[in-house]
Amino acid sequence: MLITMMQMGLLIAFGAVWQLLAPKHIPALAHRRALTDLVFYILLPALVLDVIWEAPIDITSMKISLIALSGLASSAILMWLVLRFYSTTQPQKGALMLAAVFPNATYLGLPVTNQVLGSWSNSVVLQFDLFACTPVLMTIGILMAHHFGANERSVNPLRELTRVPPLWAVAMAMLLNTLDVPRPEIVHNTLATLSGAVVPLMLIALGMSIRWDTMRFRFLPYLLPVSVISLIIAPVISFFVSQGLAVPEHITTAVVLLSAMPTMIFGIVICERYQLDSGIYAAAVFLTTLLSVFSLSVWFQLLPSV
């Protein structure tokens with residue numbers, strides 16, 4: 001796992017370097033947005049459609065969702081209790097809540113589990129994220145950001161859900177899966193070709209999204225509980241919920257690793273949209289991503305081998 005994380009780190013570092021050295025005729029932000037839009041609107045939906053179309057959708061899928069939801073709920077409650085002992089502004093509180101609750105299950109979880117567990121884990125990752133994390137983020141997460149933020153425009157969580165192309169791909173794939181529609185070889189090959197670019201581009205986009213200038217010593221007291229909750233407590237909860245639901249060992253390993261992922265990148269967009277403290281959120285992304293190189297390696301050693 002440590003070697004895998006170092007390999008992932010090289011691609012992330014490449015993205016960070018590219019952010020600095022990209023041709024100046026296009027702003028660095030435009031480079032990043034073009035890359036993330038390509039993944040978000042085309043490549044990731046292609047992967048979702050290809051994987052979920054013929055994935056086994058059964059009681060285990062429901063258990064994966066329950067495990068993810070348990071981790072999200074527990075992290076939210078714990079962070080809310082911790083913040084009662086801190087003197088923070090509302091925008092800081094909202095940013096820290098988002099940082100502690102939502103893991104980077106797709107942009108980092110997908111490439112990591114694909115490398116250390118195999119391609120079978122792609123289905124688990126997509127169900128973990130798109131059946132639980134993303135819907136919660138785009139509904140309850142958006143409402144939470146609106147509550148703590150300074151943006152006074154009205155919020156319609158259901159409308160936000162319709163703006164997530166991977167969720168449309170999930171709906172289409174679930175329909176095709178349920179109706180047992182055969183997947184033509186030419187369609188599979190096309191989707192697989194598009195899907196092959198997801199992992200490297202996700203990692204490069206992750207490197208381009210990390211804001212290295214936001215890490216401040218004064219943020220550490222706020223970031224330590226975020227790191228402990230997201231990298232240690234959330235995966236512990238997922239492990240025990242998995243045991244209680246009698247989930248197979250290989251699925252347990254996958255979902256615990258996903259629960260142990262660092263803070264998700266997409267939250268920066270939400271912080272900026274609803275005027276939360278994007279600086280402290282970006283610092284949480286940086287710190288938890290750095291620490292996850294070691295914490296994920298430990299988790300991989302402790303979990304049942306696959």
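The largest cavity in this predicted model holds about 110 Å³ of space. Its lining comprises 18 residues, and those closest to the centre of the cavity are Leu72, Val101, Pro103, Ala234 and Ser259. A search of the whole structure returned one cavity of 30 Å³ or more. At least two lining residues of the largest cavity come from each of helix H3 (59-83), helix H4 (90-101), helix H6 (121-148) and helix H11 (220-244). H3 provides the largest share of this lining, four residues. Classified by residue type, the lining of the largest cavity contains 12 nonpolar and six polar residues, and no charged residues.

Open space was also found. The largest pocket has a volume of about 870 Å³. Thr36, Phe40, Tyr107, Phe266 and Val269 lie nearest the centre of this pocket, out of 31 lining residues. Helix H2 (28-53), H6 and helix H13 (267-273) each contribute at least two residues to the lining of the largest pocket, with H2 giving the most, seven residues. The lining of the largest pocket consists of 18 nonpolar, five polar and eight charged residues.

The second largest pocket contains about 310 Å³ of space. It is lined by 19 residues, and Ala55, Pro56, Trp120, Ser123 and Val124 are nearest its centre. Each of H2, H3, H6 and helix H12 (249-259) supplies at least two residues of the lining of the second largest pocket. The most come from H6, with four residues. By class, this lining divides into eight nonpolar, seven polar and four charged residues.

Ser123, one of the residues nearest the centre of the second largest pocket, makes a polar contact through its side chain with the side chain of Gln127 (2.7 Å). Gln127 is located in helix H6. Gln127 counts as buried because its relative accessibility, 2%, falls under the 20% cut-off. With neighbours within four places in sequence left aside, Gln127 is in contact with Ile52, Pro56, Ile57, Ser61, Ile64, Ser65 and Ala132. Among these contacts, Pro56 is also one of the residues nearest the centre of the second largest pocket.

In soluble globular proteins, nonpolar side chains tend to be buried together. The largest nonpolar core in the model has 99 residues, of which Leu98, Phe102 and Tyr281 touch the most other members. H6 accounts for the largest share of this core, 14 residues. Beyond neighbours within four places in sequence, Leu98 is in contact with Leu137, Gly141, Met144, Ala145, Ile270, Cys271, Leu276 and Tyr281.

Notes. Residues are numbered from 1 along each chain as its sequence is written. This is a predicted model: local features need pLDDT of at least 70, side-chain atom pairs count only at pLDDT 80 or more; totals for chains, interfaces and linings use all residues. Side-chain values use heavy atoms; hydrogens and water are left out. On a 1 Å grid over the protein atoms alone, a cavity is a set of points where a 1.4 Å probe fits but cannot get out, and a pocket is an open set with protein on both sides within 12 Å along at least five of seven lines; lining residues have an atom within 4 Å of a point. Grid points are joined across faces, edges and corners, and a volume is the space filled by probe spheres set on the points. Ala, Val, Leu, Ile, Met, Phe, Trp, Tyr, Cys and Pro count as nonpolar, Asp, Glu, Lys and Arg as charged, and the others, Gly among them, as polar. A nonpolar core is a set of buried Ala, Val, Leu, Ile, Met, Phe, Trp, Tyr and Cys residues joined through side-chain atoms within 4.5 Å. Buried means under 20% relative accessible area, exposed over 50%, partly exposed in between (1.4 Å probe, protein chains only). Contact means heavy atoms within 4.5 Å. A polar contact is a pair of N or O atoms within 3.5 Å; within protein, one must be able to donate a hydrogen and the other to accept it, and residues adjacent in sequence count only if both atoms are side-chain atoms.
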